[in-house]
2 protein chains.
Amino acid sequence: MRETILHKCEVKGLRMTGQRRVIVQVLETAHQDHPDVEALYAKVTEIDPSISIATVYRTVKLLEEAGILIRNEFADGRARYETADREHHDHLIDLSTGKVIEFCEPEIEALQEKLVAKLGYKIRFHRLEIYADPINSDETD
Amino acid sequence: MRETILHKCEVKGLRMTGQRRVIVQVLETAHQDHPDVEALYAKVTEIDPSISIATVYRTVKLLEEAGILIRNEFADGRARYETADREHHDHLIDLSTGKVIEFCEPEIEALQEKLVAKLGYKIRFHRLEIYADPINSDETD
DNA sequence: GTAGTTGCAAATTCTTTGCCACCGT
DNA sequence: ACGGTGGCAAAGAATTTGCAACTAC
């Protein structure tokens, strides 16, 4: 139910500085790209060049701790962010473009639960990342 | 099957220096722990204190490129290594101890394949990590 | 007004690398 | 012998932090 990030920040009682408004505005339109801090910083400084990258780092961390953003660490080493307002899902990373596709497979989740219970554990969280190439794209194998 | 790492290195024609022998010897006994470079370095310098951490980094990288080691990056940020001589498997990380348990669930793999094919992709590699707590241990929830 | 924020640069953490002496084959 | 290696310390890349000035509430 598409509530704005800004609204969530207000609900959480976060102090909304000019910098945070800009960062949140960028996230509002870019969160589907799973941007990293560098990408966010680039868009943010287009709007307000005086914002420092430290502020971007501090703000995404704040929003993560507030449960508004989710930090992902894919195989490229950097942290990439998405909004936390959707159902749990996993990620398919298109190796030819870097694009991230979200998917959810309840059957896989159920199997995980079962398996982990069999091992005597209870899942706290998990991550499944699939790195893949498009089928129709040329088979560079 | 249980071929020694040292033997694999020789087969690959890697020059076996004193330092590499020590590092390989440590890996031989510690690879089931999925040690990180720091852990390896600690054990290595117990045997030969003159070996530098740069050499450990260079050697694990070399062994990874030779297909002898697999580098994992779990949620703790550092690279952790295991030998590449076993079947593909995924990891369950025991949050209470940090211990890593390997598992293989062909059903999950099959579902992944099917799903990814449906999305028009072909899997190159994937990673599934499950972070969990023991059931009998106290429920810190 | 005051505590929370910011920018800047310096610090951290993990990993890589340039350089020159050294050692395996 | 000679080209691949190792040690050391400096360089990198991503991220965090100390501090003094600033600003939202």
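This is a predicted model: local features need pLDDT of at least 70, side-chain atom pairs count only at pLDDT 80 or more; totals for chains, interfaces and linings use all residues.
Six strands make up an open sheet of mixed pairing, arranged in the order E4(A)-E3(A)-E5(A)-E5(B)-E3(B)-E4(B). From one strand to the next, the twist averages 20°. Strands of a sheet pair through backbone hydrogen bonds, in either a parallel or an antiparallel manner. In chain B, strand E3 (residues 90-94) and E4(B) run antiparallel and are joined by four bridges. B:Asp90 has B:Phe103 in E4(B) as its bridge partner.

Helix H5 (residues 106-118) of chain A lies across E3 (90-94) and E5 of chain A as well as E3, E4 and E5 of chain B, and runs at about 135° to E5(A). Helix H5 (residues 106-118) of chain B also packs on the sheet, where it touches E3, E4 and E5 of chain A together with E3 and E5 of chain B. The direction of this helix makes about 135° with that of E5(B).

Over all chains, the structure contains two aromatic pairs. The ring centres of A:Phe125 and B:Tyr131 are 4.6 Å apart and the ring planes lie at 10°, so this pair is stacked. Because A:Phe125 belongs to strand E5 (residues 121-134) of chain A and B:Tyr131 to strand E5 (residues 121-134) of chain B, the pair joins two chains. A:Phe125 is partly exposed, at 40% relative accessibility, whereas B:Tyr131 is buried, at 3%. A:Tyr131 and B:Phe125 likewise form a stacked pair, with 4.6 Å centre to centre and 10° between the planes. This pair crosses from strand E5 of chain A to strand E5 of chain B. A:Tyr131 is buried, with a relative accessible area of 4%, while B:Phe125 is partly exposed, with 42%.

Methods:
Residues are numbered from 1 along each chain as its sequence is written. Chains are lettered from A and ligands numbered from 1 in the order in which they are written. Side-chain values use heavy atoms; hydrogens and water are left out. Rings of Phe, Tyr and Trp (its six-membered ring) pair if their centres lie within 6.5 Å; planes under 30 degrees apart count as stacked, over 60 as edge-to-face and the rest as tilted. Buried means under 20% relative accessible area, exposed over 50%, partly exposed in between (1.4 Å probe, protein chains only). Two strands pair if DSSP finds at least two bridges between them. Axes are lines fitted to C-alpha atoms, for helices over the stretch in contact, and angles run from 0 to 180 degrees between N-to-C directions. Contact means heavy atoms within 4.5 Å.
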